[in-house]
Amino acid sequence: MTVLENDYAVDGAGPEDKSGKPRLPLLTAFHDLPLHRRFAIVGGIVSLIGMVLIGAFVNSRIETAVVRNSAISAAVYMESLIAPLSQELADGNALSDERRAKLEELLARPATRERILSVKIWKEGGHVAYASDGAMIGQTFKAHDDLLQAWQGDIIAGFDDLDHDESRGERAFGLPLLEVYNPIHSIRTGEIIAVAEFYQDASELHEDLRVARWTAWAVVAAVAGLTFVTLFGIVRAGSRTIEFQRSELQQRLRQITKVGLQNDLLRLRIQSASEQFSALNEQLLRRIGAELHDGPAQALAFANMRISAWRKSGGPEEADLILHALEEALADIRGLARGLVLPKLEGATILETIRRAADAHAERTQTEVILDSNGKDGDNLRPGLPQLICIFRFVQEGLMNAWRHAGGVGQKVEFAMQGGCLVVSVSDRGPGFDPKANFDKGRIGLAGLRERVQSVGGIFDVDTGPGRGTRLTMRLQIEKSAR
């Protein structure tokens with residue numbers, strides 16, 4: 001039933017919306033769809049829900065407005081007929097025979113009978129003071145909510161289900177009926193003295209409401225559909241732009257990845273070439289050392305022997321000076337030859353390579369070299385020949401610098417494996433130097449040593465300073481498979 005206040009205001013209620021939580025696989029598949037398809041799904045659901053809510057609201061307002069207008073019209077008409085003849089109910093619970101006859105005469109008029117099919121006049125407590133069905137006059141029924149609200153001064157109107165006991169007569173009509181409860185006021189005091197209940201044939205009204213509902217639904221659906229199609233067109237255009245840009249980005253990413261792979265391949269080729277160059281350079285140095293040993297060294301040795309024989313046979317005193325100079329030159333050439341010629345390193349372990357370099361330096365310079373391995377993980381690793389040569393030369397050059405510039409004080413070689421990386425350091429407790437200052441000719445070898453380490457993919461570092469010694473460090477990636 002619809003409640004109409006004294007000022008004919010109407011209250012309505014709308015439907016509630018329910019939503020379910022999608023499962024994770026469906027959510028994943030949803031996110032994989034293109035943007036415009038996701039919008040079509042979500043936008044379609046939202047548009048449908050909005051259309052239902054708006055349609056229900058519009059239809060509710062249409063029905064309320066139509067029922068209100070019909071109820072007000074009927075209430076005003078019936079009050080003009082019934083109120084003057086019902087004033088004696090202010091002092092009693094029944095109409096006099098004269099008033100009842102007059103009322104029945106008015107209700108029997110064709111104009112009234114076409115509009116009003118049944119009338120009841122109620123007193124408080126559910127007592128029937130008058131009814132079109134005379135058998136109901138004087139009976140008392142349980143007062144339901146609509147009747148109680150009418151006693152509060154409200155006009156109540158709506159399509160009745162006719163499920164109350166007092167509605168047996170109205171059910172017999174078999175028509176849609178508009179039920180109206182209209183308070184009857186006292187002309188003298190204005191108080192409510194009774195409530196008139198009357199039923200109006202609503203067949204035409206019911207058909208008008210049906211047409212109005214379908215019209216409202218059609219308009220709402222058309223507006224919602226047009227809005228959705230317009231927005232979908234905009235989103236689809238944006239989605240195509242995004243897909244085009246994404247395709248371009250993916251193509252550029254593939255190009256960048258391809259260039260990166262080519263750069264990695266070039267880097268590996270350069271490193272391989274550097275390793276090959278290092279190996280060839282060592283072969284060249286080995287040949288130079290052999291040539292020095294077998295050529296000039298032998299000639300100088302022969303000259304030394306002949307001058308010695310000449311001195312013993314009574315040669316001039318100048319022979320002593322010449323002999324001394326030849327002995328120094330011979331020692332330098334032999335030392336140079338030993339420094340240029342590497343021991344056989346192919347197939348050696350890291351420990352063997354470092355020990356050979358340290359032992360050779362200790363024997364050549366007659367100084368002490370301390371070896372310190374922080375772990376045995378890399379002792380048995382057997383890297384390739386270019387890496388072994390680099391390790392040997394690093395230790396050899398580092399110890400030579402320690403001997404030349406620190407007098408061999410505190411010479412120490414440390415090495416260990418750290419996460420697949422070999423870390424070798426050569427240190428001394430000499431005077432150190434300023435790494436930012438220009439190197440003298442003896443320290444220019446550090447630049448060559450850095451280039452040697454970097455040529456096989458290693459990292460070279462110098463840690464020194466005036467008065468705190470020097471530490472040279474090399475970090476070289478070693479494959480664990482090198483056994």
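Predicted model: local features only at pLDDT ≥ 70, side-chain atom pairs only at ≥ 80, totals over all residues.
Local features need pLDDT of at least 70 and side-chain atom pairs 80 or more, while totals for chains, interfaces and linings use all residues. Residues are numbered from 1 along each chain as its sequence is written, and side-chain values use heavy atoms, without hydrogens and water.

Me: Why is the pair of Trp 122 and Phe 141 called edge-to-face?
Reply: Rings of Phe, Tyr and Trp (its six-membered ring) pair if their centres lie within 6.5 Å; planes under 30 degrees apart count as stacked, over 60 as edge-to-face, the rest as tilted. Here the centres are 6.2 Å apart and the planes make 75°. That is an edge-to-face pair.

Me: Why does Trp 122 count as buried?
Reply: Buried means under 20% relative accessible area, exposed over 50%, partly exposed in between (1.4 Å probe, protein chains only). Trp 122 has 1% relative accessibility, so the residue counts as buried. Phe 141, at 12%, counts as buried too.

Me: What makes Phe 394 and Phe 460 an edge-to-face pair?
Reply: Their ring centres lie 6.2 Å apart and their planes stand at 80°, so the pair is edge-to-face. Phe 394 sits in helix α11 and Phe 460 in strand β10, so parts 66 residues apart in sequence are tied together. Helices (H or I, at least four residues) and strands (E, at least two) are DSSP runs, numbered from the N terminus.

Me: Why are β9 and β11 said to pair?
Reply: Two strands pair if DSSP finds at least two bridges between them. β9 and β11 have 8, in the antiparallel sense. Val 426 stands opposite Leu 472 in β11.
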